[in-house]
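Dear colleague,

Please find below the structure that I am handing over to you. My notes on it follow directly after.

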Amino acid sequence: MAAINRSGVTSRSSPVSRYGTAAGTGTLAVLLLVAVCGSPLYVGWAEDHTDPESAGGWFLRLLAWPAWRFGSGDSGQGVLATDLRAILLVVLAAALLYLLPASQVARVQGSVSQFFSGWGAYVLAAGLAALLSTLLGPAPSLLAALQAAGTGAGYGFLSGWIIGTASLGGRA
């Protein structure tokens with residue numbers, strides 16, 4: 001709404017934005033996706049109640065890829081090896097969401113470039129998280145790390161649209 005100040009000049013009041021940054025909303029989506037779909041409860045449900053031979057069932061099982069088991073009673077090394085992929089996915093995705101789109105998205109706010117930047121950041125983060133968690137895990141091997149990176153990038157490609165869509169909700 002326009003307001004008239006004492007000098008008689010109209011000025012627009014600057015409303016506080018209702019949305020966060022594209023990177024912030026994308027990071028929140030990553031955290032929620034990994035927390036919910038990687039949880040032991042969801043992973044167990046997906047294994048027991050979905051058909052891996054159907055597209056929907058296969059996709060619901062794919063969403064469980066960053067599985068985590070904090071506090072499962074395992075030894076410290078076992079928990080770390082299991083959870084490292086999920087931790088790295090969240091950390092790397094947050095970092096890449098903040099680093100990748102800055103100059104590109106700032107020029108065209110609210111555009112499709114936010115979507116593709118968020119999606120691409122998640123693909124790269126998932127591939128890197130899989131690669132690093134395999135190399136830093138209990139039985140590191142270059143072949144296993146490269147295979148895991150391919151699996152992680154595939155997961156990021158097929159589920160990254162969720163992060164890309166969430167990135168559309170924020171400002172650059």
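Arginine 69 lies in the loop between α3 (55-62) and α4; helices here are DSSP runs of H or I with at least four residues, strands are runs of E with at least two, and both are numbered from the N terminus. With a relative accessible area of 33%, arginine 69 is partly exposed. On this scale, buried means under 20% relative accessible area, exposed means over 50%, and partly exposed lies in between, using a 1.4 Å probe and protein chains only. Along the sequence, arginine 69 and proline 40 are 29 residues apart, while their C-alpha atoms are 6.3 Å apart in space.

Please bear in mind that this is a predicted model, in which local features need pLDDT of at least 70 and side-chain atom pairs count only at pLDDT 80 or more, whereas totals for chains, interfaces and linings use all residues. Residues are numbered from 1 along each chain as its sequence is written, and side-chain values use heavy atoms, with hydrogens and water left out.

The loop between α3 and α4 also holds tryptophan 68. Tryptophan 68 is buried, at a relative accessible area of 19%. The charged end of arginine 85 sits over the ring of tryptophan 65, 4.5 Å from the ring centre. A charge counts as sitting over a ring if NZ of Lys or CZ of Arg is within 6 Å of the ring centre and within 35 degrees of the ring normal.

The chain as a whole comes next. The protein chain has seven helices and two strands, in the order β-β-α-α-α-α-α-α-α along the sequence. Of its 172 residues, 37% count as buried. Leucine 96 and alanine 23 are 73 residues apart along the chain, with 8.6 Å between their C-alpha atoms.

How do helix α6 and helix α7 pack, and at what angle? Helix α6 (residues 112-136) and helix α7 (residues 142-167) meet at about 150°, with their axes 6 Å apart. Axes are lines fitted to C-alpha atoms, for helices over the stretch in contact, and angles run from 0 to 180 degrees between N-to-C directions. The two helices are therefore roughly antiparallel to each other; angles over 145 degrees count as roughly antiparallel, under 35 as roughly parallel, 65 to 115 as roughly perpendicular and the rest as oblique.

How many aromatic pairs does a search of the whole structure find? The search finds seven. Rings of Phe, Tyr and Trp (its six-membered ring) pair if their centres lie within 6.5 Å; planes under 30 degrees apart count as stacked, over 60 as edge-to-face and the rest as tilted. Tyrosine 42 and tryptophan 45 form a tilted pair, 5.7 Å centre to centre with 40° between the planes. Both lie in helix α2 (residues 40-49), three residues apart, about one turn of the helix. Tyrosine 42 is buried, at 14%, whereas tryptophan 45 is partly exposed, at 37%. The ring centres of phenylalanine 115 and tryptophan 119 are 5.4 Å apart and their planes are at 65°, so this pair is edge-to-face. Ring pairs link Phe115, Phe116, Trp119 and Phe157 into a cluster.

Yours sincerely
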